Amino acid sequence: MKFSVVAAGAVLAFAGLSASASETAWGIHDAAESVAMRYPTNTTFDDVYSFTLGQASSLLAVAVSNDALSVFNIEGGQVSLFKDTDGNFTNDTALSSFAFDQAATFKQWSALAAGDYYYRIAGTVTGTQGGTYVLSSALMPIPEPETYALLLAGLGAVAFVSRRRKSS
């Protein structure tokens, strides 16, 4: 009887120190994507959010955790962006990463080619009531060459009209 109580206690202790991983497919990245996650105390997490960029784009990602009074604290919060080369989220090199905590932190990636990408969010929950994080990602299209040509033509027209008015 005593052994089974000790064994049950050991199982519960190890369950509290568990690792958690989730994979979520966003599909084609919308103009804005967002996710909020909550984990129990003493959990290490490693979450993946995969998506496809249909055209060359820039991304802006913002992450924050709710660390108020160490109640929902996350230690070592890290967001990494990967170009998915093999489809299994394991052998890719991060394009870059940033750490996050209770202060909202952001990172921008410019001129990403169309293709498959994913965010990997990792950290350890140390809060007395667990840990929470929010990740938001916004898509910022890259202007096409025609846009720049139209802009230059418009500036030329403004300069022409301005010069003509001065000479009148």
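1. Let's start with the open sheet of five strands, which runs in the order E1-E3-E8-E5-E6 with mixed pairing. A strand here is a DSSP run of E with at least two residues, a helix is a run of H or I with at least four, and both are numbered from the N terminus. Two strands pair if DSSP finds at least two bridges between them. At the edges you'll find strand E1 (19-28) and strand E6 (94-99), each pairing on one side only. From one strand to the next, the twist averages 15°, taking axes as lines fitted to C-alpha atoms, with angles from 0 to 180 degrees between N-to-C directions.

2. Before going on, a word about what you're looking at: this is a predicted model, where local features need pLDDT of at least 70, side-chain atom pairs count only at pLDDT 80 or more, and totals for chains, interfaces and linings use all residues. Residues are numbered from 1 along each chain as its sequence is written, and side-chain values use heavy atoms, leaving out hydrogens and water.

3. Have a look inside that sheet. E5 and E8 pair in the antiparallel sense over eight bridges. Phenylalanine 82 stands opposite tyrosine 118 in E8. As background, strands of a sheet pair through backbone hydrogen bonds, either parallel or antiparallel.

4. Now the other sheet: four strands, also open, in the order E2-E9-E4-E7, with antiparallel pairing. E2 and E7 each have a single partner strand, so one side of each is left without a neighbour in the sheet. The twist here averages 15° from one strand to the next. E2 and E9 pair in the antiparallel sense over eight bridges, and valine 35 stands opposite leucine 135 in E9.

5. What about the largest nonpolar core? It has 23 residues, and Tyr119, Ile121, Tyr133 and Leu135 touch the most other members. Such a core is a set of buried Ala, Val, Leu, Ile, Met, Phe, Trp, Tyr and Cys residues joined through side-chain atoms within 4.5 Å. Strands E2 (32-39), E3 (44-53), E4, E5 (74-83), E7 (105-112), E8 (115-125) and E9 (131-141) each supply at least two residues of this core.

6. Serine 58 deserves a click. You'll find serine 58 in strand E4 (residues 57-65). Is serine 58 buried or exposed? Serine 58 counts as buried because its relative accessibility is 9%; the cut-offs are under 20% for buried, over 50% for exposed and partly exposed in between (1.4 Å probe, protein chains only). The side chain of serine 58 reaches the backbone nitrogen of alanine 111 at 3.2 Å.

7. Alanine 111 itself sits in strand E7. Its phi is near 50°, a positive value in a residue other than glycine. With a relative accessible area of 58%, alanine 111 is exposed.

8. Asparagine 42 is not a glycine, yet has a positive phi of about 60°. Its place is in the loop between E2 and E3, where asparagine 42 is partly exposed at a relative accessible area of 39%.

9. Finally, step back to the whole chain. The protein chain has two helices and nine strands, following the pattern α-β-β-β-β-β-β-β-β-β-α along the sequence. Of its 168 residues, 29% are buried. Among contacts (heavy atoms within 4.5 Å) with a separation of 6 or more, 79% come from residues 24 or more positions apart.

Notes
Polar contact = N/O pair within 3.5 Å; in protein donor to acceptor, adjacent residues only side chain to side chain.
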